[in-house]
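Hello,

Here is the structure I promised to pass on. Please open it first; my notes follow below.

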Amino acid sequence: MKVSGFTFVRNGNSLDYPFVPAICSLLPLCDEIIVNVPRSTDDTLAAVKAIGSPKIKIIETEWDDNARTGGLALSHHTNLALKQCTGDWCVYIQADEVLHEERSP
């Protein structure tokens, strides 16, 4: 069984999202991680590349400020990453979420 992780992040550094720990928290669980990085105005793309895992596949997409109403841009960019997943199972994590390494009791 193959497990895909996916997320998207735009301007993660300027928004102070813990997107690097979020992506890294998927590494032990997933065989591949798709990260959609819409055109950012900060160094988000460089930070994702710096993680340096061969499991991470980065896609770069355009951001449409006109689609921000009603969460359309968020769902669009999430779905772009999901479409690139090749696993039997997919795990979605947002850029401000981190999976904890310890099990619950």
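Helices here are DSSP runs of H or I with at least four residues, strands are E runs of at least two, and both are numbered from the N terminus.

A word on the source. This is a predicted model, with pLDDT of at least 70 needed for local features and 80 or more for side-chain atom pairs, while totals for chains, interfaces and linings use all residues. Residues are numbered from 1 along each chain as its sequence is written, and side-chain values use heavy atoms, leaving out hydrogens and water.

Back to helix 3. Its buried residues (under 20% relative accessible area) are Ala 73, His 77, Thr 78 and Ala 81. They sit on the same side of helix 3 because they cover an arc of only 130° around the axis, taken from the directions from the axis to the C-beta atoms. They pack against strand 1 (3-8), strand 2 (32-38), strand 3 (56-61) and strand 4 (89-92), with contact meaning heavy atoms within 4.5 Å.

Now the cores. A nonpolar core is a set of buried Ala, Val, Leu, Ile, Met, Phe, Trp, Tyr and Cys residues joined through side-chain atoms within 4.5 Å. The largest has 17 residues; Val 9, Phe 19 and Ile 23 are among those touching the most other members. Helix 1 (19-26), strand 2 and helix 2 (44-51) each give two or more residues to this core. Helix 1 gives the largest share, 4 residues. Apart from this core lies another, of 5 residues, including Phe 6, Ile 34, Ala 81 and Cys 85.

Best wishes

Note on methods:
Buried < 20%, exposed > 50% of the residue type's maximum accessible area, 1.4 Å probe, protein only.
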